[in-house]
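The entries below are in the order in which I looked things up.

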Amino acid sequence: MIDVEFGKDNELDRILGNFYAISKDAVVEQSSKAGNTVRVAVRSAFENESTEWKQRYIENKKGDTVRRITKGGSYGLGHRISHMKKQNTTGPASMVNFIQSHTSETTGTTTVGGQFSKGNVILRRDGKIVGKKYQKGISKYTIAILEKLNYGNTNGKLAEHIRWGREGKSGKQGSKESISQFKDKWKARHFFEQGFSRARGAVMQNMTNDLQRLIGKVANTTDLSQGRMKNAI
């Protein structure tokens, strides 16, 4: 979306301003829908990936719980393990759950696979606000991991936020062996690019068709000559 400034004295600006106010919700809604379509496609591409590496916590001969990384077999990419609690599972179970879409109410721009703060998001249907829902935030630390999995390196924009061997209240979180053992050996998977490429055609078609329908409905229910809404959507 583009921010538009309308003058106070120009009649055309007043009419265009009225139309923009009516159709803004429709444009934001379509942006959000497009983001959701891409999100689903990116998640699908992510879930099609596998890895030959597996990590788990075991009890050694001394009775200590230690982390082991083993090679062999084929496992789903992005399975999560709790280093703080030294458990083999944690919630959510996969990094795929952190691939979300989020639409800015200010700009109308939708981001897929980015960080954002928790809070309520506005729900729209046919250009109308119909309610709100709570959306959990996604941290920069989480996106840093997704970047590493996508690009196969630690050169992403948020790479500095990848945590290695950080001391926490309950002991070490993560392990330095991860960085030493796998540095420069990660596989580039490009599930974000794959997902966007697969979804692009559907996104363009859906946005075009829906916006034409909604804006056509606005035009048919708005007295543009007077700048007044009859039955705005």
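I began with burial, for which I took buried to mean under 20% relative accessible area, exposed over 50%, and partly exposed in between, with a 1.4 Å probe and protein chains only. Because Ile 99 has 0% relative accessibility, I counted Ile 99 as buried. I noted that this is a predicted model, in which local features need pLDDT of at least 70 and side-chain atom pairs count only at pLDDT 80 or more, while totals for chains, interfaces and linings use all residues. Residues are numbered from 1 along each chain as its sequence is written, and side-chain values use heavy atoms, with hydrogens and water left out.

Next I placed Ile 99 in the loop between strand S2 (65-76) and strand S3 (101-103); helices (H or I, at least four residues) and strands (E, at least two) are DSSP runs, numbered from the N terminus. Ile 99 and Gly 113 are 14 residues apart in sequence, yet their C-alpha atoms are 4.9 Å apart.

I then asked which residues Ile 99 is in contact with, leaving aside its neighbours within four places in sequence. Taking contact as heavy atoms within 4.5 Å, I found Arg 39, Val 42, Arg 43, Phe 46, Val 112, Leu 146, Phe 191 and Phe 192. With the same exclusion, the contacts of Val 42 include Ile 99, Gly 195 and Phe 196.

For the rings, I paired Phe, Tyr and Trp (its six-membered ring) if their centres lie within 6.5 Å, calling planes under 30 degrees apart stacked, over 60 edge-to-face and the rest tilted. By this rule I counted two aromatic pairs. Phe 46, Phe 191 and Phe 192 form one aromatic cluster.

Seven bridges join the antiparallel strands S5 (residues 119-125) and S6 (residues 128-135), and Leu 123 has Gly 131 as its bridge partner in S6. Two residues lie between these strands, and Asp 126 takes a positive phi near 55 degrees in this hairpin.

Conventions: Two strands pair if DSSP finds at least two bridges between them.
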